[in-house]
Amino acid sequence: MALSGSIANQTLAAIRFGYGLRPGEQLPGDADALLAQIKKGVAQKPRFPREGLTGRQETATRVLSVRAAEAKARQAGKPNDDIRKETQREARRIYRQDAMARIAQAVHSPLGFYERLASFWVDHFSTSVLKSLPMRMIVPLYEAQVIRPNLGGPFNRLLQAAILHPAMLIYLDQNQSVGPDSIAGRRDKRGLNENLGRELLELHTLGAGSGYTQDDVRSAALVLTGLAVDNRALEVVYRPRIAEEGPISVLGRTYRDDEGEGQDHILMLEDLAANPKTALHISRKLARHFIADSPPDEIVQAMVDAWSKSQGNLTEVYRAMLTHPAAWTEPGRKIKKPFEFVVSGFRALNLPERNFANLVRDLDGEDEDEGLASKAMEMAGADPQGARKKAAGRANALTLGALQRMGQPIWQPPSPAGFADEESVWLAPSQLSERIAWSRMVARIFGQKLEPAQFLDMALADAVNPETKTIISQAPNRVHGITMVLASPEFNRR
Amino acid sequence: MTLQERFLLSRRGFLAGACCAAAAPILTPVTFAAMPGEKRFVTIILRGAMDGLDLVQPYGDPAFAALRPMLGRTPETGLIDLNGFFGLNPAASALAPLWQAGELSFVHAVSTPYRNQRSHFDGQDMLESGGSDTSQRTGWLNRALAVMPRSDSRKAIDINTSMELILTGPNAADSWSSQSNFTLADDEIAFLERLYARDPAFSKAMAEAKETDLSADSLYGDTKRGAGIADMARLTGGMLRENYRVASFSINGWDTHVGQQAQFKKAAGDLATAIVTLKESLGGDAWKNTVVLAMTEFGRTARENGSKGTDHGTGGLAILAGGAIPGGKILGQWPGLADDKLLDSRDLMPTGDVRELAAAMLYKQFGIKPDNLTGKVFPGLSFDASSQYLRG
């Protein structure tokens, strides 16, 4: 099954290339309108990190210096568990607020295609908040600082920005990588960590099975030595003492340290970005994500051609995809990923900003101790903590918890390869159950006053089968009518 | 009920209430002391069009057996005889002791003024708004709060995740959601299966999910659902034993177009569970002062359809329960099931207005003036103290 054939391009643009329809939002009608979103998106400040880029850098380093001070005191025999726990709580709260802001960003932005691209690239260059405490604070920073501003320009710039960010280096253990033949390596026998080198070739650029060898992986890792993160300042630093001395050969090209002060890795990244295999790998991945699990060869070829003609200008690659007829004629078989599903659900419901603010407040309620409500309830002999927990639980079940249960928690990919993208994964029986349950929950909470037929129109416009329309109009109660709109095949495919 | 349970209101709901005078009793211990012996009123909305002819079967009507070859029963085939003419479906056998105790009555052939359209959404709107058309945007139970003479009986609660139409309006009412995420009712599952019928991948996923109950909080499990209904009724009972006097909740699962017997059994079991649990959790004194009114948007066709089910009809059945009702009776005028007695030779002919029944119960419980009942609560309704539902 797929979305029916004769859907207006405007509808398809919003559903296939954006986060779905939102009542009152102007629809991008064609490729140009979608591409025009990129410049606007790049110029915009996302809703996360909440304190902005420099603000977050300050917050993160402050939290880490508190932890460092406590660690020092601990070594001196004066541990302070409260301080440690408080920093953990704060990092968790920061993550939670940013994750909610990421949902709100996608829900409220009129630049659906740009937002989808941001999700695509954050997933392509996966990092995870689960890696360590600082990551809860800097993965959102990473997305805002390097992914979003660079997703419309040349690929080599995006690649460098992503790889040379503390979040990526921490995630792929670059701090543990020491050139065996470096000064430090020879002295304390620390060794090479190939993680970043391997993922760089396999996932970020050339693609698995594209012909490189294990020697290339090791060599790439050797070239990357010297790159590290200053754990206190959370900045990328170059440490010559751990850098492998050249020359090192990767894919037939030889890199030497004397090509500049630790510039060998930059040169290697440039070469990898320019490699035709990278163009093919990424063009195909984009087409798989946006168009179909098995996209037509012609559309991939058109994207590869645009890549080589423009030296990897990503906007030109997107243009080649969007102006190819197959982008608009392929049947919509793809299943929305959980994040797309939840975001498009909130968009269809047209939830006002303040509802989100309330959800965020409820989520934070778990950490609160005082407040008007709790005082009043205590006077009445009630248990304010219980009520707060309940509100927090509900807010969580609607948003972050739902994504967790559906298997796509925000900024927590299962591996460096990111989340799966195929229909089979996102249409498993338990997945469908979770989607029905979520649909039912939002229908009960936000949908009591909605007319199912009208909501169907808001959510899908002409992308709906007449039979589906009939079934929804006959639902035994309104809540179930709304539930079925969100749980329908049409709403879950794109 | 523990203190914790009693105040498990959503924080926003609580704050919204805390700003108005009507919420003051919640903070005043005096109100607690003054509570016992006060009248209580609970509405249960049976969503999906409950088949009254299946719940309370007119086995004594000569036309019944022919109209209902599969669904119809007699006392010989398990029907619980009520008065020699009507019998209770054994799926609701838990209610039989209440009948014997004079705490249960049924009202046959009632309806709202809704005719000929047969949309669940509009039908439920009419039932909840209490108007003569679908233009009312507030609920009759909410409007009733404003005209109840004693303000201490005005604390109302809707047991739902958000306020249902029946209690929506300008007067303060709280809404509470049960912790359990209710499982789907059978008719809701059947609708999802129809929805997925044209998409094999979805159909397959749905079939497997149902089969193995791979679910989000057991979306399809009967046991879980029963427990959820009991939780909701227990909570309602607890609230009413404290300072709430008016409550409302819904039971889904009544849209039995296909394979009615199995579906209806579950839904009727849910209804019986709800009423019996309400009685248990309210306890003797409070139950004595309670009226429970269960009602549905419309009835179902007198004849079975070709899918062992029934379709949307007109005249329906309302259920009264509690210690404060004229109990052990089948109320209303029975129109008969002969072909010429049916509406459009199809539906049970409505002979009473379910709004009049509701008005009578509001009058009885709270002494709301008939003028207010016909002017503000149910505009356009004719009702006075001589109503048939107040006799006995």
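**View 1. A kink in helix 6 of chain A.** In this predicted model, helix 6 of chain A bends by about 30 degrees at A:Val139, shortly before the proline A:Pro140. The bend at a residue is the angle between axes fitted to the seven residues ending there and the seven starting there. Helix 6 (residues 133-150) of chain A contains 18 residues and reaches 26 Å from its first C-alpha to its last, close to the 26 Å expected at 1.5 Å a residue; the expected span is 1.5 Å times one less than the number of residues. Of its 18 residues, 16 are buried, and helix 6 of chain A is thus mostly covered. A residue is buried if 20 or more other C-beta atoms lie within 10 Å of its own, exposed if 12 or fewer, and partly exposed in between, with C-beta atoms placed from the backbone. Helices (H or I, at least four residues) and strands (E, at least two) are DSSP runs, numbered from the N terminus.

**View 2. The surroundings of A:Ile183.** A:Ile183 belongs to helix 9 (residues 183-188) of chain A. This residue counts as partly exposed because it has 14 C-beta neighbours inside 10 Å. A:Pro240 is 57 residues from A:Ile183 in sequence, yet their C-alpha atoms are 8.3 Å apart in space.

**View 3. An open sheet in chain B.** Three strands of chain B form an open sheet in the order 2-4-3, with antiparallel pairing. Strand 2 (56-57) and strand 3 (80-81) of chain B are the edge strands, each pairing on one side only. Strand 3 of chain B is joined by two bridges to strand 4 (residues 87-88) of chain B, and the two run antiparallel; two strands pair if DSSP finds at least two bridges between them. B:Asp81 has B:Gly87, in strand 4 of chain B, as its bridge partner.

**View 4. The two domains of chain B.** Chain B is divided into domain 1 (3-9 + 37-179 + 229-390) and domain 2 (184-220), with bounds from an automatic or database domain assignment. Their C-alpha centres lie 29 Å apart. Domain 1 of chain B gives 10 residues to the contact and domain 2 of chain B gives five; residues are in contact if their C-beta atoms, placed from the backbone, lie within 7 Å. Helix 12 (residues 260-288) of chain B supplies three residues, the largest share of the domain 1 side.

**Notes.** Residues are numbered from 1 along each chain as its sequence is written, and chains are lettered from A and ligands numbered from 1 in the order written. In this predicted model, local features need pLDDT of at least 70 and side-chain atom pairs count only at pLDDT 80 or more, while totals for chains, interfaces and linings use all residues.

Note on methods:
Contact = placed C-beta atoms within 7 Å.
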